[in-house]
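Subject: Structure handover

Hello,

Please find the structure below, with the sequence alongside. My notes on what was found in it follow.

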Amino acid sequence: QDDPRLTQGNEVRTFEQEWSDWLGVKYSVFVNSGSSANLLSLAAIKQLYGGGEIIVPTLTWVSDIASVLQCGFDPVFVDIDQHTLGMDVDEVLAKITPNTRAVFLTHILGYNALNQKLLDGLKARKIPLIEDVCESHGATFKGQKVGTFGEMSNFSFYYAHHMSTIEGGMVCTNDPKIYETVRMLRSHGMIREALSDEVKEGYKDKHPDLNPDFIFAFPSYNVRSTELNAVLGRSQLKRLDANNEIRRENLKLFLDNLDPEKYFTEFATEGSSNYAFTLVIREPNGVLYENVVDALHSHNVEFRRGTSGGGNQLRQPYIKPYVGEEAYKNFPKVDHIHFYGFYIGNYPDLEQSKITQLCDILNALPSR
């Protein structure tokens with residue numbers, strides 16, 4: 001009997017197929033994290049389209065911006081749309097130049113960040129869209145799952161997200177050329193990782209001096225995941241839709257019961273799939289902020305300030321060598337989220353009475 005293959009075998013392939021079927025794409029590539037999915041997507045853009053600028057959000061997880069920098073692109077930032085926490089679409093379209101290689105959009109904390117104006121504008125200008133869906137499994141735009149609109153999309157299966165493989169991520173696409181490129185990038189750039197005989201034979205013919213099992217097409221990475229992680233993913237996927245339905249109900253209950261005088265409640269919830277309650281103080285108010293923090297701490301409610309990814313990325317030390325110390329001042333909407341936005345966990349077995357109780361506590365807080 002053969003020893004069991006514990007990395008990138010049948011379970012990984014089956015999980016990739018089941019995920020593709022669930023999402024509605026042709027191809028998926030399972031990797032060891034959502035951050036690695038980000039990195040491979042940008043590396044694929046670099047291989048296929050060359051260097052240049054990538055338009056990126058100011059509110060996102062660090063790995064989106066880090067992958068842009070690591071692949072040698074110049075990040076071009078845009079402010080948020082406060083209703084989706086995603087990118088301001090008009091600003092995205094205004095910042096496209098002949099040097100733009102892609103728009104890297106994040107669907108924040110379960111909200112859909114797409115609209116038709118953006119999709120039409122990018123299509124007219126032939127600009128690829130990469131969707132980061134790491135926080136938004138199952139969210140939809142016009143009834144179609146996000147992650148199916150761009151040339152590529154990225155998902156994370158980190159343990160805090162909608163479903164977990166403990167660590168893990170997925171790159172999804174309908175483009176066979178991108179698919180083969182990402183498959184090779186995942187595993188050292190080896191051509192034997194490609195499924196296309198045409199791709200493999202092309203490299204073999206061009207490089208007769210090399211052992212065909214060890215031809216490395218790109219300077220690449222090893223970001224494979226394992227059979228064990230894939231087994232977890234296949235199991236979790238079965239419960240994803242039902243769990244998301246509960247999360248949607250929970251979010252609606254939370255926003256419906258918050259005081260709209262104190263807190264921003266006009267989020268674009270249609271098609272959302274939130275694993276977090278977004279709590280944003282409506283106006284800059286230091287007193288209310290301190291009272292919210294104290295109340296959450298005293299009731300043992302875990303939260304994150306700045307909502308997604310530590311708030312305004314332009315305030316983070318890693319980006320300042322690239323954009324300067326004061327670039328954040330040009331993006332006031334995300335800066336409000338940075339100081340007055342929070343998120344709180346939303347999970348399927350959360351009792352609804354606790355949600356309304358939390359709203360009552362928050363609504364009763366003095367703001368002066």
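N244 lies in helix α8. With a relative accessibility of 1%, N244 counts as buried, because the cut-off for that word is under 20%. Leaving aside residues up to four places away in sequence, N244 touches H137, G138, H162 and S273. Please keep in mind throughout that this is a predicted model.

The seven-stranded sheet

Seven strands make up an open sheet with mixed pairing, and their order is β1-β9-β8-β5-β4-β2-β3. The edges are taken by β1 (27-31) and β3 (74-78); each has a single partner strand, so one side of each has no neighbour in the sheet. On average, neighbouring strands here are turned by 20° against each other, direction ignored.

Helix α1 (residues 10-23) packs on this sheet, where it touches β1, β8 and β9 (169-173). The direction of α1 makes about 130° with that of β1.

On one flank, β5 (residues 129-132) runs parallel to β8 (residues 152-156), and three bridges join the two. D132 has N154 in β8 as its bridge partner. Strand β4 (residues 100-106) also pairs with β5 in the parallel sense, over four bridges. There, V103 has L129 in β5 as its bridge partner. Both faces of β5 are covered: L129 and E131 are buried on one side, and I130 and D132 are buried on the other.

Aromatic rings

How many aromatic pairs does the count come to? The count comes to 16 aromatic pairs. In one of them, the rings of W19 and F157 have centres 5.0 Å apart and planes at 75°; this pair is edge-to-face, because planes over 60 degrees apart are classed that way. W19 lies in helix α1 and F157 in the loop between β8 and β9, so the pair ties together parts that are 138 residues apart in sequence. W19 counts as buried, at 0% relative accessibility, and F157 likewise counts as buried, at 0%. W19 and F157 also belong to one aromatic cluster, which is formed by F15, W19, W22, F30, F155 and F157.

The three-stranded sheet

There is also an open sheet of three strands, in the order β10-β12-β11, with antiparallel pairing. Its edges are β10 and β11 (303-305); each has a single partner strand, so one side of each is left without a neighbour in the sheet. Neighbouring strands of this sheet are turned by 20° against each other on average, direction ignored. Three bridges connect β11 and β12 in the antiparallel sense, and R304 has Y343 in β12 as its bridge partner.

Helix α12

Helix α12 (residues 352-363) has 12 residues, and at 1.5 Å a residue it should span 16 Å. The C-alpha atoms at its ends are 17 Å apart, which agrees with that expectation. Which residues of α12 are buried? They are I355, L358, C359 and L362. Seen down the axis of α12, these buried residues fall within an arc of 100°, so they line one face of the helix. An α-helix has 3.6 residues a turn, so residues three or four places apart point the same way. The buried residues of α12 pack against α8 (227-257), β10 (276-280), α9 (286-298) and β12 (341-345).

Q8 has a phi near 45°, a positive value in a residue other than glycine. Q8 is found in the segment before α1 and is buried, with a relative accessible area of 8%. L85 has a phi near 65°, again a positive value in a residue other than glycine. The place of L85 is in the loop between β3 and α4 (89-94). L85 is buried as well, with a relative accessible area of 0%.

Regards

Conventions. Residues are numbered from 1 along each chain as its sequence is written. This is a predicted model: local features need pLDDT of at least 70, side-chain atom pairs count only at pLDDT 80 or more; totals for chains, interfaces and linings use all residues. Side-chain values use heavy atoms; hydrogens and water are left out. The expected span of a helix is 1.5 Å times one less than its number of residues. Buried means under 20% relative accessible area, exposed over 50%, partly exposed in between (1.4 Å probe, protein chains only). The arc is that of the directions from the helix axis to the C-beta atoms. Contact means heavy atoms within 4.5 Å. Two strands pair if DSSP finds at least two bridges between them. Axes are lines fitted to C-alpha atoms, for helices over the stretch in contact, and angles run from 0 to 180 degrees between N-to-C directions. Rings of Phe, Tyr and Trp (its six-membered ring) pair if their centres lie within 6.5 Å; planes under 30 degrees apart count as stacked, over 60 as edge-to-face and the rest as tilted.
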